[in-house]
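Dear colleague,

I am passing on the structure that we talked about, and my notes on it follow below. Please read them with the model open beside you.

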Amino acid sequence: MINEQTNIKELQQRIALYEDLKAYQALYELLSVRLKHFCFSFVKSGEVADEIVSDVFIKLWQIKNKLPEIDNLRVYLYTVAKNFCLNYITRQYKNPVVLLDDIDIEPMVYIGNPEELCISSDIVHKIRQAIRQLPPRSRLIFQMVKEDGMRYKEVAEILHISVHSTTV
């Protein structure tokens, strides 16, 4: 995780100082899949999640000159993604106020390597079922901490809640 944060910081500097498109592409490849899953948790549509992630990175490019002012770019991008998702939900459903506790967060369980493939589908089903039973905010926090590898402090900053509220 520390190596990833250092890599993000380096890419952030290259984008800000040199308008480096390769660094921009590398940052996109590094974070876009996790951001898409994060957005999907809110909007329940792969296409919309893709569009929102694209909008997040367009916004990033538009503010590239201000990137040196951002201390934690990953937290910043998740915050922008969350805001774009909430704006989309508000526009889509004509609901002027969207509460985080009212959004049904869809849990995601990934099986990525051969060792993980040995886990039976029954166990994966039970894990998904247990995650679904969590309250919406807890599910989102779980996803961000356990699946996206974020620290509780980062999650608290993105969701504008106390660090003590992030324990799952």
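**Overall make-up**

The chain contains eight helices and zero strands, where helices (H or I, at least four residues) and strands (E, at least two) are DSSP runs numbered from the N terminus. Along the sequence this gives the pattern α-α-α-α-α-α-α-α. Please bear in mind that this is a predicted model, in which local features need a pLDDT of at least 70 and side-chain atom pairs count only at pLDDT 80 or more, while totals for chains, interfaces and linings use all residues. Residues are numbered from 1 along each chain as its sequence is written, and side-chain values use heavy atoms, with hydrogens and water left out.

The average pLDDT of the chain is 85, and 80% of the residues score at least 70; pLDDT is the predictor's confidence in each residue, from 0 to 100. Confidence is lowest in helix H5 (residues 114-117), with a mean of 60, and highest in H3, at 97. Where pLDDT is low, the predicted coordinates should not be read in detail.

Of the 168 residues in the chain, 42% are buried, meaning under 20% relative accessible area, with exposed meaning over 50% and partly exposed in between (1.4 Å probe, protein chains only). Among the contacts (heavy atoms within 4.5 Å) with a separation of 6 or more, 64% are between residues 24 or more positions apart.

**The core**

The largest nonpolar core has 43 residues, and those with the most contacts inside it are Leu27, Val43, Phe57 and Met144; such a core is a set of buried Ala, Val, Leu, Ile, Met, Phe, Trp, Tyr and Cys residues joined through side-chain atoms within 4.5 Å. Two or more residues each come from helix H1 (2-18), helix H2 (21-43), helix H3 (46-62), helix H4 (73-93), helix H7 (136-147) and helix H8 (152-159), and the largest share, 10 residues, is given by H4. In soluble globular proteins, nonpolar side chains tend to be buried together.

H3 has 17 residues and reaches 24 Å from its first C-alpha to its last, close to the 24 Å expected at 1.5 Å a residue, the expected span being 1.5 Å times one less than the number of residues. Its buried residues are Val48, Ala49, Ile52, Val53, Val56, Phe57 and Leu60, and what covers them includes H2 and H4. Leaving out residues up to four places away in sequence, Phe57 touches Tyr24, Leu27, Tyr28, Leu31, Ser32, Leu35 and Leu77.

**Helix H2 and its ends**

H2 has a kink of about 45 degrees centred on Leu31, where the bend at a residue is the angle between axes fitted to the seven residues ending there and the seven starting there. The helix spans only 29 Å between its end C-alpha atoms, whereas a straight helix of 23 residues would span 33 Å at 1.5 Å a residue.

The N-terminal end of H2 is capped by Asp20, which has a side-chain oxygen 2.9 Å from the backbone nitrogen of Lys22. Glu19, in the loop between H1 and H2, has a positive phi near 50 degrees and is partly exposed, with a relative accessible area of 43%. Just after H2, Lys44 takes a positive phi of about 60 degrees, and this residue counts as partly exposed at 35% relative accessibility. Most residues other than glycine have a negative phi.

Within H2 lies Phe38, which counts as buried because its relative accessibility is 0%. Phe38 and Tyr78 are 40 residues apart in sequence, yet 8.1 Å apart in space, C-alpha to C-alpha. Not counting residues up to four places away, Phe38 touches Tyr78, Ala81, Lys82, Leu140, Gln143, Met144 and Asp148.

**Two buried polar residues**

Asn72, in the loop between H3 and H4, counts as buried at 15% relative accessibility. The side chains of Asn72 and Gln5 are joined by a polar contact of 3.3 Å, that is, a pair of N or O atoms within 3.5 Å, where within protein one must be able to donate a hydrogen and the other to accept it, and residues adjacent in sequence count only if both atoms are side-chain atoms. Beyond its neighbours within four places in sequence, Asn72 is in contact with Gln5 and Glu154.

Arg74, in helix H4, is buried, with a relative accessible area of 1%, and a polar contact of 3.4 Å joins its side chain to that of Glu4.

With best wishes
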